[in-house]
Amino acid sequence: MDIDDDDFFTNLDRFGRAANNNAFQERLRQAPRDDDAEIPDVPPFMLEEEEETPLQQLIRHWMNERHSPDILPNEGELLAGLLDHIRSQSETVQLLRTDPSSSEEEHFRIMLVQTEVERVKFIVRSYLRTRLFKIEKFARYIMTNPEVQQRLSESEVEHARRFARLTDQHFYHSVLQSLPDTQQTLDDQPPFVPSMVTEPDKARAVFVLARQDCPPVRLPDGTALDMQKGHISLTPYSVVEQLIARGEVELV
């Protein structure tokens with residue numbers, strides 16, 4: 001029996017649509033109802049979190065350092081462990097790249113590992129540059145405040161000392177030696193005049209994310225702020241300074 005080409009494809013398309021519709025209707029009948037699905041009591045980001053990896057810890061300290069107006073404690077031990085891991089990973093990548101028996105899939109994996117290593121290097125450099133910027137900005141404040149010096153490593157304290165000394169020498173030879181003896185100091189505190197020593201502005205507002213349920217904190221206007229886990233607040237840095245030090249909140 002002769003079949004016209006147009007009729008053949010028309011019937012085929014009609015049959016395909018019918019089959020697809022039947023299969024779709026069958027899947028629809030067997031699909032679970034929306035009201036049968038269990039809805040979590042809390043959002044996913046408020047569920048119990050797994051223990052942080054060293055990289056996640058570094059990212060958290062990096063973000064805290066970038067957003068904090070004050071210089072935070074040095075994370076030398078964490079950095080040392082990550083740098084050792086980066087060094088061993090880089091050596092392994094170089095050995096595998098020079099291995100002629102490596103397959104194309106292995107080379108692709110090597111490229112992914114190398115990309116991740118470069119990402120970690122970027123975070124480490126940015127973290128150290130942020131600390132270096134603060135050390136040079138608050139060099140005189142650091143050298144006059146022993147409590148702040150305890151947050152720094154020995155090399156950071158030595159850099160702050162040298163930078164403060166060079167700055168003092170520069171100001172003296174440029175300007176101060178031409179002034180009267182009573183005006184040649186850089187730490188005068190006359191009344192109603194801002195201090196000549198640059199200090200961190202702890203009254204600056206920061207965004208904080210509660211990593212756990214935090215005890216109430218007192219705001220400058222006297223009201224209490226209760227931060228639950230996952231809650232983001234805008235507060236002066238001085239209000240949450242201790243919470244940041246204890247790791248109960250992080251800056252965002």
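**Reading ring pairs and helix packing in a predicted model**

Student: How many aromatic pairs does a search of the whole structure find?

Tutor: Rings of Phe, Tyr and Trp (its six-membered ring) pair if their centres lie within 6.5 Å; planes under 30 degrees apart count as stacked, over 60 as edge-to-face and the rest as tilted. The search finds 2 aromatic pairs. Trp 62 and Phe 122 form an edge-to-face pair, 6.3 Å centre to centre with 85° between the planes. This pair links distant parts of the chain, with Trp 62 in helix α2 (residues 54–67) and Phe 122 in helix α4, 60 residues apart. Phe 138 and Tyr 141 have ring centres 6.4 Å apart and planes at 75°, so this pair is also edge-to-face.

The model is predicted: local features need pLDDT of at least 70 and side-chain atom pairs count only at pLDDT 80 or more, while totals for chains, interfaces and linings use all residues. Residues are numbered from 1 along each chain as its sequence is written, and side-chain values use heavy atoms, with hydrogens and water left out.

Student: Is Trp 62 buried or exposed?

Tutor: Buried means under 20% relative accessible area, exposed over 50%, and partly exposed in between (1.4 Å probe, protein chains only). Trp 62 is buried, at a relative accessible area of 13%. Phe 138 is buried at 5%, and Tyr 141 is buried at 11%.

Student: At what angle do α2 and helix α3 pack?

Tutor: Helices (H or I, at least four residues) and strands (E, at least two) are DSSP runs, numbered from the N terminus. Axes are lines fitted to C-alpha atoms, for helices over the stretch in contact, and angles run from 0 to 180 degrees between N-to-C directions. Angles under 35 degrees count as roughly parallel, over 145 as roughly antiparallel, 65 to 115 as roughly perpendicular and the rest as oblique. Here α2 and α3 (residues 76–97) pack at about 130°, with axes 10 Å apart; the two helices are therefore oblique to each other.

Student: Which residues of α2 and α3 meet?

Tutor: Contact means heavy atoms within 4.5 Å. Pro 54, Leu 55, Gln 57, Leu 58 and His 61 of α2 meet Leu 78, Leu 79 and Leu 82 of α3.

Student: Which residues of helix α8 are buried?

Tutor: In α8 (residues 237–246), the buried residues are Tyr 237, Val 239, Val 240, Glu 241, Leu 243 and Ile 244. These buried residues pack against α2, β1 (205–210), β2 (217–218), β4 (232–236) and β5 (249–251). Just after α8, Gly 247 takes a positive phi of about 80°.
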